[in-house]
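Please read the following report alongside the sequence and the model. It takes up the domains, a sheet and the contact between the chains in turn.

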2 protein chains.
Amino acid sequence: MRKLLASLLIASLPAAAAVTEQDIQTAQKLRDQALSSPLAYDLVKSLVVEVGPRLAGSENNKKAEDWAVAKLKSLGFDKVYTEALTIPTWTRGTIHAEIEAPYRQHLAITALGNSVGTDAKGIDAEVAFFDSLDDLKAADPKEVKGKIVFINKRMARAQDGFQYGTTVGARSRGAIEAAKLGAKAVLIRSVGTGLSRFPHTGMMHYQDDVEKIPAAAVAVPDANLLEAMVKEGKPVRLHLEMTAKPGPETTVHNVIAEVTGSEKPDEIVLIAGHLDSWDEGQGAIDDGAGIALAAAAGKLIKDLPRRPKRTIRVVFFAAEEVGLFGGKAYVAQHKDTDLAKHVLAGESDFGAGRIYRIDTRFGPKGDDLSAALNKVLGPIGVDVGSNQAGGGSEVSLMPAFGVPVVSLRQDGTHYFDYHHTADDTLNKIVPAELAQNLAAWVSTVYLAAQNDSPLRPIPEGDFGE
Amino acid sequence: MRKLLASLLIASLPAAAAVTEQDIQTAQKLRDQALSSPLAYDLVKSLVVEVGPRLAGSENNKKAEDWAVAKLKSLGFDKVYTEALTIPTWTRGTIHAEIEAPYRQHLAITALGNSVGTDAKGIDAEVAFFDSLDDLKAADPKEVKGKIVFINKRMARAQDGFQYGTTVGARSRGAIEAAKLGAKAVLIRSVGTGLSRFPHTGMMHYQDDVEKIPAAAVAVPDANLLEAMVKEGKPVRLHLEMTAKPGPETTVHNVIAEVTGSEKPDEIVLIAGHLDSWDEGQGAIDDGAGIALAAAAGKLIKDLPRRPKRTIRVVFFAAEEVGLFGGKAYVAQHKDTDLAKHVLAGESDFGAGRIYRIDTRFGPKGDDLSAALNKVLGPIGVDVGSNQAGGGSEVSLMPAFGVPVVSLRQDGTHYFDYHHTADDTLNKIVPAELAQNLAAWVSTVYLAAQNDSPLRPIPEGDFGE
């Protein structure tokens, strides 16, 4: 009888469970606590109010780093430190553009990051109009030489923002392709959804053997205006003046905070956002929300009665917008030390919309953690999705080094209405949605820190972000 | 038997109907034609593309008048003419505002129409923060003297935009009340709904015996920023520079077109919008849509096989935004001539949202027309509403002279998201909604031109717009 009872007890308990029932209960408590926690919202609000925009390498970026160190210390993390890296800088300067013919009209426009400016008197030229980067690449140089190229590629709305990838080429490579054909400058229809007259900035690139020409983005209504004039069939002439210019290199910092693990402190669960933002908005959804979620998740776990088994590392990456510099530096600085000890990594950098799915990138022994995630996240509307996660922004550099990652998929239906505009402001974040994000992140990070089954080796392949 | 048949025939026909069955059928055809007509959209698009913003008295306003005369002639109206009036002018100049303490931040801001500027070095002062104009009026002068007043009155969203009336006082009278208490300048939270970072301009007033101080509106997210800092309890200091200034008087014109009545050409149905706009947007919803609807309704009626009984007069009023100058001039110029012959008037000046109700201001003999309107408009979702219409903008000046009016109520749920901002652009107009507006207007105007029962005398009272 006693033997039978013992057998029953053993059968009813998970045999050497990688994630215990108690871990799951704790994750559920953290989840529920997060749902009513103002912490993430308070953090992004503090950053927005006390610092605001923080272009990588700018004076305000330095302020943001100081804010971050002070804030993470005040939250009581076990360690707070920074890691330096060098980045090129760029200044926006001023920009002014007019349609001169057939009808004189002002254009709402913004310089693209990394662009050179015009000379002082500006550029006056006819427009060579294309529907896409591919159309430009296929153009006869005679149609382009001496002109201002306009690429009118539209971006449609989608929950997962998938059209960003199919549209952003005009922004990132437009200047190269236009210059190859002899253009004087390139303008693009803003890479954004929505009807707003705010132009969308973002990074553009040059190529060493191709002339550097000015590049800027026109707001959607103004792109429509240009398009209407072009369709009338008369030549459209523009005047463009801009003083943007690359600057000297400077030093910026990844800002890092840790909750030290109680059993395996050398094993790391990394949760991240990026601290820098574009300079025209408040950087609330991109990516104040991300760093607030990372810090708040770490803080809620730190406040548990017991430290988690493994270390939680909160990383505010530097200089994401201008080329993932913080992420590249982190990988370079950690690949020979502790990158192999990263048991899981994930980054939030897609706004603050409700999370509807978690994609993973776990090895064959990740099933216990997946089952635990399913149990804890299901009730807040988050399904466990594919096993082809990229990890998000900087973290997407890590699977190449074998790091298991998660991507918590946010509803991005409206993300690209505000992305990279002056209109990326705090009031675009819905506090209850941000709290749902925190609930998903904090329970994911906690379960990963407790999980005793290895998530490596991860499936191979490039699955994007 | 023949006598009985005759009686039946008489009974089944309206006895001396003010609006005939044939009039109703024609109105229904016009309505259905309008629902699929691109005309109104094409007209506002033409104005937006070929002219754009057109501040009263500006060079572009002159272009708009030329556009209007040419366009109305090209549409084939029987008469096209202008009526001159004199208005004061104002130039916006530049504006720049920063929060200097406790946290340095740039403010998205716009000068209010009619405001004076600052001197060249600008104003540096502490903020005196109020939730409403009433709170400011009740303030101790010691709390205001030497400061920059900020009025943070919020405006909530509503289909009929009723909160505009309860909010706009801070804009129109804020400078007077702040100056009375010794303030150096007044800033207001933008009078607008929505989350956008575009500040909302609009007219403000001075009072002869009170010092003229600069007045400007801050975008909603920036008002939130200021509010957050004020609530931290530390002094908030601002720097404000603006070069706005009143200019000399100039001449502008109401632009008028007519379809001459076939039976009673001296009796007039007036349909209107205003041609001027604020200078930062395209003036698409305010009020490109209104003048497009007026012109398109007139054009569809003109194209009927027979001219309507009475004259249709399409009026593009001048200088509405800066003080209803075109409407005041029209009333002054017509009160001793044909204003008494205006059988009905109405104006569209609330965007381009779907019309859901028609309010009237008819005398006791207006029932036939009301019944006809109900029959024709019901199928496109327009109910006949109260008999307390104001007529809209300039037309609201006419009931005081006994003119019967209609107000076609538009869904303004999103009107104040864009109103008086740079974001008032063509893509805020949904073509199908504008076509529904045209259907309602063209059938209303046609029925009024055919209606043989007098709509005078109208009910007395001031029912607003």
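## Domains of chain A

Into which domains is chain A divided? Chain A comprises domain 1 (19-90 + 248-450) and domain 2 (93-243), with bounds that come from an automatic or database domain assignment. The C-alpha centres of domain 1 and domain 2 of chain A are 34 Å apart, and 18 residues of domain 1 of chain A are in contact with 19 residues of domain 2 of chain A, where contact requires that the C-beta atoms of two residues, placed from the backbone, lie within 7 Å. Helix α12 (residues 415-418) of chain A supplies the largest share of the domain 1 side, three residues. That side of domain 1 of chain A divides into six nonpolar, six polar and six charged residues; here Ala, Val, Leu, Ile, Met, Phe, Trp, Tyr, Cys and Pro count as nonpolar, Asp, Glu, Lys and Arg as charged, and the others, Gly among them, as polar.

## Basis and confidence

This is a predicted model, in which local features need pLDDT of at least 70 and side-chain atom pairs count only at pLDDT 80 or more, whereas totals for chains, interfaces and linings use all residues. Residues are numbered from 1 along each chain as its sequence is written, while chains are lettered from A and ligands numbered from 1 in the order in which they are written. The average pLDDT of chain A (the predictor's confidence in each residue, from 0 to 100) is 96, and 97% of its residues score at least 70. For the complex, the predictor gives an ipTM of 0.94 and a pTM of 0.95.

## The sheet in chain B

In chain B, eight strands form an open sheet of mixed pairing, in the order β3-β2-β9-β5-β6-β7-β8-β4; strands are DSSP runs (E, at least two residues), as are helices (H or I, at least four), numbered from the N terminus, and two strands pair if DSSP finds at least two bridges between them. Because β3 (105-106) and β4 (109-111) of chain B each have a single partner strand, one side of each is left without a neighbour in the sheet.

Strands β7 (residues 185-189) and β8 (residues 215-218) of chain B run parallel and are joined by four bridges, and Val186(B) has Ala215(B) as its bridge partner in β8(B).

## Contact between the chains

22 residues of chain A are in contact with 22 residues of chain B. On the chain A side, α8(A) gives the largest share, six residues. The copies meet through the same surface, because 100% of the interface residues of chain A are also interface residues in chain B.
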